[in-house]
Amino acid sequence: MDNILEPIVKSFQEKFNATYEEFRGEVHIFVTAEQIIEALTLLRDKHEFELLSALTAVDYWPQQSPRFHVIYQLSSIAKNVTVQLRVPVNGDQPRVPTATRVYEVANWRERELLDMFGIEFEGHPDPRRILMPEDTEGHPLRKDFPLGYEEPQFTFNFEEIDLRKPYAKE
Amino acid sequence: MSQIEEVNYEQYKHLVSERAFTGETMLLNMGPQHPSTHGVLRLLLELDGETVVNCIPDIGFLHTGIEKNMEAKTYAKAEVMTDRLDYMNTVGNNLAYCMAVEKLVDLDVPPRAQAIRVILTEIQRIISHLVWIGTFGLDLNASSMFMYAFREREMLLDILELCSGQRMMTTFIRPGGIWRDVPVEFETAVRDFIKIFPKRIDEYEALLTKNPILLDRLVGIGKLDVATALQHGVTGPSLRASGLNWDLRKARPYMGYEQYDFNVPVRTEGDTYARYIVHVEELRESLKIVEQALNKLPMGPVRSDNRKFMTPPRSEIGVSMEALIHHFKLWTEGFPAPKGSVYSAVESPRGELGLYLEGDGGPKPYRVHLRTPSFDNLSVLSKIVKGTLVADLVAILASIDIVLGDIDR
């Protein structure tokens, strides 16, 4: 492990009882949803991680607890290192406190996760869908959401399929 | 008869000021079909006369589900989706994707392939900046700039076509190397371009840089300071125009960027004019890299020799049983990637283009997330346009260099 990251990981182990894993030279630290805001604030203020590079999630359906991992990819410009925080979230009512007050970039990224995974961010200032239309049902990037194909219409079943086909409103 | 539906402004209640509901200020849609929104971006503006009180960007009109689609394809096939992402930086997107795959499966890239990758991504950066500078001029009513920029862009697209057979969606860079070696005409074509281009940049600068109308419209408009930029995840030329020297090509060199001598243009003003200057300077720097890489271009193979991931050459298939098996397995099933996740980032013309790639042991990616720079760069817009005029909004929007395909994915 990077000798800049080592003390950070150690302090996380002591403070948050966090576990970590390494893969291809990247460090992933696991923290819980309750600790994430404190952890992000600590990284930003004490360890100079100024940039929240990416905020995303992974769905491990059909596994239910944890079903999602919310991923915070942080970069430090001063020290030129990156670290990843992962927050496991359960499948029923996935909720994570919002990071908008720590990094404002989280605003849109969290809206994207709400839209794509249905993960709620408590205290988010603007919880609307961002990419999909407002009346979309379901969350497209969940693994139980079908990829979606259009039903081919033939002469014999044209009308039948036409009836349930979604069209834009007249 | 079609009915015009009233927009439900209730959902924007927390985003606009109270004056919008008393009728004191006006809510106005700019886009999604407005020419200066560069694609299909809708901006809901709250206007007090001509002053912007609030600006609410509405995105998603170009959402094509690229991340979801990539999960259903093998690692090799998923690459074509990345071309369609940011259509101004197709080669750079391929590079970001291939680097992530190579990191995930631990695959090497031969030096010649690395150098060709650098040349092509820098050419693509020049293409992207040329389109930027052209449309920037167009938005500010310097329409001739567009013609000049597209003249040079055409030369570069011809070079891409020479290598890959495609002008834009090249998919030339593949995991483990590049598709095939560049043709013999490649070097002369690039050298011709290197010869004429510095003069052409001088032409652009003669047109724009000291143009008094342009200066009036750009200097001091849309100021962005470093702290706000970092809070909003702004990277790339917009961040460098604010005064922070942060370029992934220098900070975390990849593909042998450390061998090339180039500067990272930085300005401290953070206004629209600074962003313009940074873009023009980057044209010159990219050209420097292309020239150096071409001079140093090593000989050798352009694809990795690792047969677990790379298909064997045609000549071996007729004589080697293993080659035939590998060929068959790789084209039908694809290669498996280990369980685990990587995040790899490159410097795209717009900023940090990151790829989160997770494998589950199978031949298809389990999750791909594209950290696209335009998405975060646009999120700062509503902050910096407050209190400016609508005409300035156009200039600011043009200067932060967004591509809607990059935002909506």
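Colleague: Which domains is chain B divided into?
Modeller: This is a predicted model. Chain B is divided into domain 1, covering 9–58, and domain 2, covering 77–301 + 335–408.

Colleague: How far apart do the C-alpha centres of domain 1 and domain 2 of chain B lie?
Modeller: The C-alpha centres of these two domains of chain B lie 30 Å apart.

Colleague: Let us change topic to the helices. At what angle do H5 and H6 of chain B pack?
Modeller: Helix H5 (residues 111–139) and helix H6 (residues 144–164) of chain B pack at about 160°, and their axes are 8 Å apart. H5(B) is therefore roughly antiparallel to H6(B), because angles over 145 degrees count as such.

Colleague: Is the crossing left-handed or right-handed?
Modeller: H5(B) passes H6(B) in a left-handed crossing.

Colleague: Which residues make the contact?
Modeller: From H5(B), they include B:Ile123, B:Ile126, B:Ile127, B:Leu130 and B:Val131. From H6(B), they include B:Phe146, B:Phe150, B:Glu152, B:Arg153 and B:Leu156.

Colleague: And by class, how many are nonpolar, polar and charged?
Modeller: The contact of H5(B) with H6(B) has 14 nonpolar, three polar and two charged residues.

Colleague: Now the sheet, please. What is the order of the strands E6, E7 and E8 of chain B?
Modeller: The open sheet of three strands in chain B has the order E6-E7-E8, and the pairing is antiparallel. Strand E6 (340–348) and strand E8 (365–371) of chain B are the edge strands, each pairing on one side only. On average, neighbouring strands of this sheet are turned by 15° against each other, direction ignored.

Colleague: How many bridges join E6(B) to E7(B)?
Modeller: Nine bridges join E6(B) to strand E7 of chain B, residues 351–359, and the two run antiparallel. One of the bridge partners in E7(B) is B:Gly351, which pairs with B:Ser348.

Colleague: Which helix lies across E6 and E7 of chain B?
Modeller: Helix H4 of chain B, residues 90–105, lies across these two strands and runs at about 150° to E6(B).

Technical notes:
Residues numbered from 1 in each chain as written. Chains lettered and ligands numbered in written order. Predicted model: local features only at pLDDT ≥ 70, side-chain atom pairs only at ≥ 80, totals over all residues. Pairing = 2+ DSSP bridges. Helix = DSSP H or I, 4+ residues; strand = E, 2+ residues; numbered from the N terminus. Axes fitted to C-alpha atoms, helices over the stretch in contact; angles between N-to-C directions. Contact = placed C-beta atoms within 7 Å. Parallel < 35°, antiparallel > 145°, perpendicular 65-115°, else oblique. Left-handed = near helix turned anticlockwise from the far one by under 90°. Nonpolar A, V, L, I, M, F, W, Y, C, P; charged D, E, K, R; others polar. Domains from an automatic or database assignment.
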